[in-house]
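This briefing covers one protein chain.

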Amino acid sequence: MSGNLKLAVRNVRRQFENYLIYFLTVALTVALLFAVNNVFFGKELAQHIDMTSDFKNGMKALIVLIALIVSFVLGYATSFMLKLRKREFGTYLTLGMSRNNLLAIFLAETLVICVTALGVGIFFGLFIYQGFMAVIMRFMDMEFLISSYSVRGLVFTIVLVATIFLLACGASAFYLKKVRIYQLVYQEKKVARASRVPFLWFLLALVSFGLIVYSCFAFENEIEQVFADREASSAFVEIFSVFACGVVVFHISISKSVVSLLLKRQRLRAKGTNTFVLRQLSGALGTNALMIGLLAVLLTFAVIGVNVSFVQRASELALLDRDYPFDLLCCQEDAQYNKKPDRAVLREAEQIVQKHTAVTQTFSYPIYRSGASDLYDYTKWSGAGYEGLMDSYMTESDFNAVMTFLGKEPISLDGEFYIVANNAAAAQAAWQEAVLNRNGRKYRIKGVREDVPVLHYVYFYAVIPDEAAKGMELETFYTAYRFSNTNFHAPDLNEQLDELEEKNEYCNFLLREYGRYERNSVAAILTVGALFVALVFLMLAMAVLALKTLSGIAQDREKYRILFQLGAGERQRCRALFRQTSCFFFLPFSGAVLVSIPTGWICGKVVILGGTGVLAAETYVTAAVVALVMAAVGIVYYMLTYLIAKRTVI
């Protein structure tokens, strides 16, 4: 075994250029796995974010799923490495080496790469983890400090990497065990055939491009409709499906049409090495059209996922102002029994708050009920199963006082009443003929308001003239607080208020800063998860493209030698190689980068419609940064691929 290990180490060093792309991808994937495992297993996140066990299990399942995808792609990449070394392995068998020895050498080489990539990946993962934590701390508006590392995260990473390599090399080991010597030494060369109907494929490319454009506009219209109706839509799945199919079919059609059509242009073919390059591309693109289409849609959705994760934070900020209009809101639901609020609880709450920040304003407002459900009869929440629901009311004077406190315009009912809807279903109920009978007088509905912050946590409530509330009983008493500043640790204050809630069963506290803290926490985790998935998918796609390019170039060495014999100098051959490899490499990649334009545009529209237009510029910048980072990674992978290919054939 020691002899096999020495031979394996020598082979890895000798084949360093061929292994470079593979090794780089594995090392960076290990770095990302180590970083994200430390995020979810480390103590730092647990101290700042209270994640449920279901959420943690869901993230672990996502990491394991990504690891399985990585193992599949690396197994696919390993098959390319075998193609580069078929003749070498065939020579070993011809010279009398047993298949078991050959298999042991291959597994030893894989072990050397695994251990080395694990060490290098963990080293770089130390820094990527700090970067992930910096994103989380920024989202949570907290000062960034160097975070500690987790032993559990390290162990989990090692287990995942070991599993990935076992799965990745299993298929290749099986191949080496069964393949015949003749197939290794005299490997079959596939004859790449040009498309017979390139014009039809080009028409299909135009149609699929139209579907992509249509999907973008349809998605935008659907978003506008959702914000207008305030109701979730089921059309997004269909639109995404059409978009994904359009991306796949477009890249397949382009791969099978454009080069073949260019070959029909006599003037273009007559210039320099154009005929040679176009024929090389025609075979490579046509043979790998499906792979190019699948990689394109994978990269495209990686771009979309990262952009959407940043928009999700802006959406949460918009909802925060609606759901938490006050710095602190105390809800006393047992007020109907005492006929008045419990001032002792309020005093105790104020004493707790004063330890963290100063209270500058206090404001109270009551909610009444009649004991009937007349208004609920106009909604879907009536009849069997909804017997316990009763109408809630707020007087005109109390409502206007709250609006003034919030800096909003007061209303004038003029003897009518408003319905204030807290969700889309309540707003779309059949209110047109709603009539309210109170104290011998009929009040007709004046309209439905959806632009009011949540003042009472029910489906809807009615704002009525003051005289209409006579005889009603007190349902809930709210006390709102405004703080001098929010520079306090929200979880600590919220925990102390929770303890006060436990002592007073019918009393609840809603702390705005804690709500923002929770939403920012979720947004931070989702963003880090999206970055992790996108980066892994990006590197895997780049690795497949790079290794596929190199495996094809190795077979083209003889063609470039003939090109040299025909009089093509080194510069001409380098230009031909550059055009051949770059067109193949960047076809699925460039489309995904360009998708950042409509993605940023749509995400900006979502932010504006959501009421946080000030973040639109940040959304556009995010889309641009995602595109630039993606382009930078692609260029690095391509330059390595081109330099290795150049040394191979020129």
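What does the accessible surface of the chain come to, and what share of it belongs to carbon and sulfur atoms? The accessible surface is about 31,200 Å², and carbon and sulfur atoms hold 60% of it; accessible areas come from the Shrake-Rupley method with a 1.4 Å probe, and for residues only the protein chains shown count as cover. The model is predicted, with local features needing pLDDT of at least 70 and side-chain atom pairs counting only at pLDDT 80 or more, while totals for chains, interfaces and linings use all residues. Residues are numbered from 1 along each chain as its sequence is written, and side-chain values use heavy atoms, with hydrogens and water left out.

**Overall fold**

- The chain has 23 helices and nine strands, which are DSSP runs numbered from the N terminus (helices H or I, at least four residues; strands E, at least two).
- Of the 650 residues in the chain, 51% are buried; buried means under 20% relative accessible area, exposed over 50%, and partly exposed in between (1.4 Å probe, protein chains only).
- Among contacts with a separation of 6 or more, 84% are accounted for by residues 24 or more positions apart, a contact being heavy atoms within 4.5 Å.

**Helix packing and a close approach**

- Helix 21 (residues 570–594) and helix 22 (residues 596–609) have axes that come within 4 Å and cross at roughly 20 degrees. Axes are lines fitted to C-alpha atoms, for helices over the stretch in contact, and angles run from 0 to 180 degrees between N-to-C directions.
- The crossing angle makes helix 21 roughly parallel to helix 22 (under 35 degrees is roughly parallel, over 145 roughly antiparallel, 65 to 115 roughly perpendicular, and the rest oblique).
- Ala 592, Val 593 and Leu 594 of helix 21 make the contact with Ser 596, Ile 597 and Pro 598 of helix 22.
- Gly 552 lies in helix 19 and is partly exposed, at 27% relative accessibility. Its C-alpha atom is separated by 7.7 Å from that of Ala 284, which is 268 residues away along the chain.

**Salt bridges**

- There are twelve salt bridges, each a side-chain nitrogen of Lys or Arg within 4 Å of a carboxyl oxygen of Asp or Glu.
- Lys 503 and Glu 348 form a salt bridge at 2.9 Å, N to O. The pair links distant parts of the chain, joining helix 18 (residues 490–503) to helix 15 (residues 343–354) across 155 residues. Lys 503 is exposed at 59% relative accessible area, whereas Glu 348 is partly exposed at 28%.
- In the salt bridge between Arg 441 and Glu 467, the closest N and O atoms are 3.7 Å apart. Arg 441 belongs to strand 6 (residues 441–449), and Glu 467 to the loop between strand 7 (460–464) and strand 8 (473–483), 26 residues apart. Arg 441 is partly exposed at 40% relative accessibility, as is Glu 467 at 34%.
- Glu 513 and Arg 516 meet in a salt bridge at 2.5 Å, N to O. They are three residues apart in helix 19 (residues 512–555), so about one helical turn separates them.
- A network of salt bridges links Glu 220, Glu 224 and Lys 605.

**Surface patch**

- Val 197, Phe 199, Leu 200, Leu 203 and Leu 206 form a nonpolar surface patch with about 480 Å² of accessible area together. Patches are made of residues with over 30% relative accessible area and no salt bridge, with like charges joined within 9 Å and nonpolar side chains (Val, Leu, Ile, Met, Phe, Trp, Tyr) within 5 Å.
- Leu 203 is found in helix 9 (residues 198–229) and counts as partly exposed at 37% relative accessibility.
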